[in-house]
Amino acid sequence: MTPSGAEYIRQIKSQVDEVDPAQVSEHLGNGIVLVDVRESTEWDAGHIPGAKHVPRAYLESRIEGAVGADRDQEIVLYCASGQRSALAAHTLKDLLGYENVKSMTGGITLWKDRGYKVEVPKALSPEQRERYSRHLLIPEIGVEGQAKLLDSKVLLLGAGGLGSPTALYLAAAGVGTLGVVDDDEVDLSNLQRQVIHTTDRIGVAKVDSAEQAITAINPDVEVVKYKTRLDASNIMEIIEGYDVIVDGVDNFPTRYLLNDATVRLGIPVVSASILGFDGQLSVFKPHDGPCYRCLYPVPPPAELAPSCGANGVLGVLPGTMGLLQATEVVKLVTGAGEPLVGRLLLYEALGATFTELKVRRDPECPICSKDPSQISDEEMGVFPDYEAFCAAAG
Ligand SMILES: [Zn+2]
C-alpha cells in the first residue's frame, strides 16, 4: 500500500541520522558544513551564521558547489522544523552518495528557541532585487554577497585604460562606494581604450566624466572624486577606510608608495599593468601573501619603465585586464573563490596565452616583514628620484 505523506516522512526520518542543535552549535567550524535547505525568502528572514544556502529544489544541482565533491564530508542540513532537511539528507545519502549527512532536529525553530544566534541579511529593495537578480541566483553571491557589495568601498587609482572598464563593471555590480583618483582631463587620444569617457566629454575632468558614466549605470553607487595625484602628502588620508584598492597607476614611484601605505593600513590591492600586447595581474593582500616590494624589490631599469614616456598599447587589452581586476575585487568583497594572492597572472594577447607564476613573500622584505605600526613615514615610498630616473634612460 502507498504510504501517506506523513507516513512517508516518518519512514524517511527513521532512516536518517539526526543531530541536536546543541551538538551543531558546539561543532560548528570544526569542518562540518551546515546547509540550509529552505526557500530563499525563509533564508533571507534569518539563518544560522556560517551556513550555506542550497534550497531543496536545487539540491542535486548545487550541493557540490556548496559542500564540495568529497563524499566523506560531514554535512548537517537544516530547515524550519526538521522535515525537509530529513528528506534532503535522504536524497544526499541515497542518491548522491554522501556518507556523513545528518539532519538537525527541530530545524531553525528549535535552534532559535534554544537561544542560539541567527543572522539576518540586509534587506534589498524590490528594485535592487530586480537589478541584481542574476547575482542573487548564484549561491556564491546571493543576497548576502550583494549586501556586502553594496556596503563596500572600493578606490580606483586612475580613470584611464584599466580604471574605465573596472569602474563601469563595479558600478553595475553594485559596489556601494567608488572612489576615483585622477588629476587628468579627457583627451581625444584616450578614447581608443578609456571607455568610461566619451567624445563629447573631451576636456572634462576624468573624475567628473567617470562620475557621469557611473551614475548613469547605477544610482546605488556613491562616487567620491579626488581630482589630484596620489603622493606622500595625501595618500594616507585618501586611501584610509577603503576595503579594496584597484591599482591602475602607470608609474613605479606611486606603486611603491601605494604598496607601503596599504601594507601599513592592511588594505588589499588588486594590481594590473599593461604594455603593448602584454598584461600582468596580481592581488597584494597584506600579510596574507607577498607585497609589491616582495615581487619587485628594486624598480626595473629606467629604460624599461613604461611610465617614462608615451607607450603603445592595444586598445582592448586594458579592457581584458581591467575586468580581471574587477573580478578579483568582487571576490575579495564577497569572499567567493580564491583570490589571486601570491600568484602573478601574465596575459599575452598576440599568442592568446595565460601564464601563472607563484610569488612568495620575502621574509626580508623591507616593508611587509615589519609590524605595520613600525612602518615610518620616512620609509614609505622610498624610491630613486623619478625625474632623474627617467632622464638617465635618455
Ligand atoms: Zn613584502
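**Cavity and salt bridges in a predicted model**

A search of the whole structure finds one cavity of 30 Å³ or more, a cavity being a set of points, on a 1 Å grid over the protein atoms alone, where a 1.4 Å probe fits but cannot get out. This is a predicted model, in which local features need pLDDT of at least 70 and side-chain atom pairs count only at pLDDT 80 or more, while totals for chains, interfaces and linings use all residues. Residues are numbered from 1 along each chain as its sequence is written, and side-chain values use heavy atoms, with hydrogens and water left out.

**The cavity**

- The largest cavity has a volume of about 60 Å³, where a volume is the space filled by probe spheres set on the grid points.
- Among the residues that line the largest cavity are D247, R255, F284 and Y292, lining residues being those with an atom within 4 Å of a point.
- The largest share of this lining, four residues, comes from α13.

**Salt bridges**

- The count comes to 20 salt bridges, each defined as a side-chain nitrogen of Lys or Arg within 4 Å of a carboxyl oxygen of Asp or Glu.
- K227 counts as partly exposed because its relative accessibility is 44%.

Terms used
1 Å grid on protein atoms, 1.4 Å probe; cavity = no way out; pocket = protein on both sides within 12 Å on 5 of 7 lines; lining within 4 Å. Helix = DSSP H or I, 4+ residues; strand = E, 2+ residues; numbered from the N terminus. Buried < 20%, exposed > 50% of the residue type's maximum accessible area, 1.4 Å probe, protein only.
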